[in-house]
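Please look over the model below before reading my notes.

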Amino acid sequence: MNGPMLVVKDLHKYFGRLEVLKGVSFEVARQEVVVIIGPSGGGKSTLLRCINRLEEPTSGQVYIDGQCITERHAPVCQIRRQVGMVFQLFNLFPHLTALENVTLAPMKVLGMPRGEAEELGRQLLAKVGLAAKVNNLPAQLSGGQQQRVAIARALAMRPKLMLFDEPTSALDPEMIGEVLAVMKDLAREGMTMLVVSHEMGFAREVADRIMFLEHGVILEEGPPEQVFGSPRHERTRSFLSKVL
Amino acid sequence: MSLDWQVVERYFPFLVGGAWLTLRLTVVTTALGTIIGLFAAIARLSRFKIFSWPAAAYVDFFRGTPLLAQIMLIHFGLPQLFGYKPNMVVDAIAALSINCGAYVTEIFRAGIQSIERGQTEAALSLGMTPAQAMRYVILPQAFRRVLPPLGNEFIAMLKDSSMVSIISMEELLFRGMISAGRSFRPFPIWITVSLLYLAMTLPFTRLVSWMEIKLKREHRPEGR
Ligand SMILES: Nc1ncnc2c1ncn2[C@@H]1O[C@H](COP(=O)(O)OP(=O)(O)O)[C@@H](O)[C@H]1O
Ligand SMILES: [Mg+2]
């Protein structure tokens with residue numbers, strides 16, 4: 001198939017009576033990197049979580065590589081395998097070593113034999129610069145290292161699309177660079193990525209498109225030069241002036 | 001009045017035999033109770049009412065009624081209702097296990113709920129089914145956290161198993177009653193019985209404290 005990797009159509013999400021997403025629609029093309037920015041509470045996390053249906057959208061559709069995940073009887077677990085997710089607080093499995101964190105899903109979900117899974121795991125941990133830490137528990141790793149393990153863990157399922165929810169906002173400043181470097185590598189290799197982040201340097205460098213999400217609405221989108229350089233919307237401008 | 005400590009010597013092997021049965025009863029019923037409690041906790045946390053409701057009713061009933069009444073109900077009540085011959089050992093084990101299971105259900109429920117929501121989300125985002133997330137991610141972590149309360153439950157069962165003396169199970173308390181009656185020396189006998197209970201519970205009390213300290217030290221918040 002050659003359609004877009006991700007299609008989000010008129011997505012609405014209510015928490016009780018609070019409307020958090022008010023009809024969000026967009027597409028992400030294959031190998032495209034889209035960065036979402038916007039004020040806290042604007043619905044960025046909720047949007048990402050609706051895309052892999054960790055959160056149940058109130059209405060609207062999400063298609064991943066042409067497959068609808070929001071249908072009533074959609075094979076949700078199967079579709080989720082194709083969508084990697086990286087969380088703000090890493091969410092590593094604390095009882096498992098770095099390697100075991102990476103190999104668990106390939107073994108249990110895909111039925112990959114242990115030997116093969118471990119080889120894949122070592123390879124991915126090496127890729128994120130943690131070859132020496134395979135046997136460490138998450139508690140023995142720094143925040144930046146943990147987030148890199150989390151990226152390797154997601155990549156182990158060979159996803160078509162990666163979702164990042166503020167992957168560096170819980171990190172000490174000196175560790176942000178190492179995580180962004182891994183993400184830049186991924187983008188360069190052609191991974192399709194949807195990233196919530198306020199790392200403007202990263203966004204300028206790797207994003208094909210920036211979306212500004214506020215109060216559950218995409219107010220503005222465009223290439224980074226345009227959104228950062230000459231934002232059309234007053235709200236975008238005032239947000240950027242606070243962040244930059 | 002002479003306390004006559006010699007009766008202790010005479011009845012000691014008899015009492016130790018009772019303590020041995022108490023210990024075996026406790027190990028068996030806590031093990032069964034743990035299995036019952038694990039499944040009941042998973043049922044209790046299910047979003048489907050056909051699972052969660054019976055589990056809730058089970059917990060409420062067996063935590064909200066006296067163990068003695070439960071033993072009587074199982075040993076005398078059910079055989080009358082269904083017309084079969086009661087079996088003392090089976091009924092004692094059943095009553096204790098089912099009672100223990102109700103408490104363990106709550107222990108596991110709290111343990112499972114104490115695992116951060118992000119753990120389930122990470123597991124699901126990797127394509128695991130909710131059952132796989134429970135089995136490979138949540139339960140292994142919950143198990144560690146519930147070890148101290150499970151240890152406390154074991155200690156409680158050591159003491160509560162004395163209740164089955166009411167249906168003539170010859171465990172420590174029952175043998176204490178026999179010894180005290182036969183010897184006419186209640187004080188030396190009952191202090192011996194008490195010390196035998198203490199000798200069994202104390203190592204576990206210490207073990208639980210040690211586990212609590214160890215877990216507390218391990219449980220630093222993630223991140224940073
Ligand atoms: N599970 C939830 N229940 C109720 N309200 C929620 C829940 N999750 C998020 N919200 C609310 O939805 C809004 C958007 O949250 P979120 O998507 O986390 O925003 P962002 O990631 O942009 O900061 C906020 O007002 C938040 O309080
Ligand atoms: Mg957020």
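The numbered points below take the conventions, then the ligand, then the cavity.

1. This is a predicted model, in which local features need pLDDT of at least 70, side-chain atom pairs count only at pLDDT 80 or more, and totals for chains, interfaces and linings use all residues. Residues are numbered from 1 along each chain as its sequence is written, chains are lettered from A and ligands numbered from 1 in the order in which they are written, and side-chain values use heavy atoms, with hydrogens and water left out.

2. The shell around ligand 1 includes A:Phe15, A:Leu18, A:Val20 and A:Pro39, together with A:Lys44 (a residue counts if one of its heavy atoms lies within 4 Å). By class, the shell has four nonpolar, six polar and one charged residue (Ala, Val, Leu, Ile, Met, Phe, Trp, Tyr, Cys and Pro are nonpolar; Asp, Glu, Lys and Arg charged; the others, Gly among them, polar).

3. Polar contacts are pairs of N or O atoms within 3.5 Å. An oxygen atom of ligand 1 lies 2.5 Å from a side-chain N or O atom of A:Thr46. For the side chain of A:Ser45 the distance is 2.7 Å, and for a polar backbone atom of A:Gly42 it is 3.2 Å.

4. Of the 560 Å² of accessible area that ligand 1 has on its own, the protein covers 59% (Shrake-Rupley method, 1.4 Å probe).

5. A:Lys127, A:Val128, A:Val182, A:Asp185, A:Leu186 and A:Glu189 line the largest cavity (on a 1 Å grid over the protein atoms alone, a set of points where a 1.4 Å probe fits but cannot get out; lining residues have an atom within 4 Å of a point). The lining has three nonpolar, no polar and three charged residues.

How values were computed. 1 Å grid on protein atoms, 1.4 Å probe; cavity = no way out; pocket = protein on both sides within 12 Å on 5 of 7 lines; lining within 4 Å. Polar contact = N/O pair within 3.5 Å; in protein donor to acceptor, adjacent residues only side chain to side chain.
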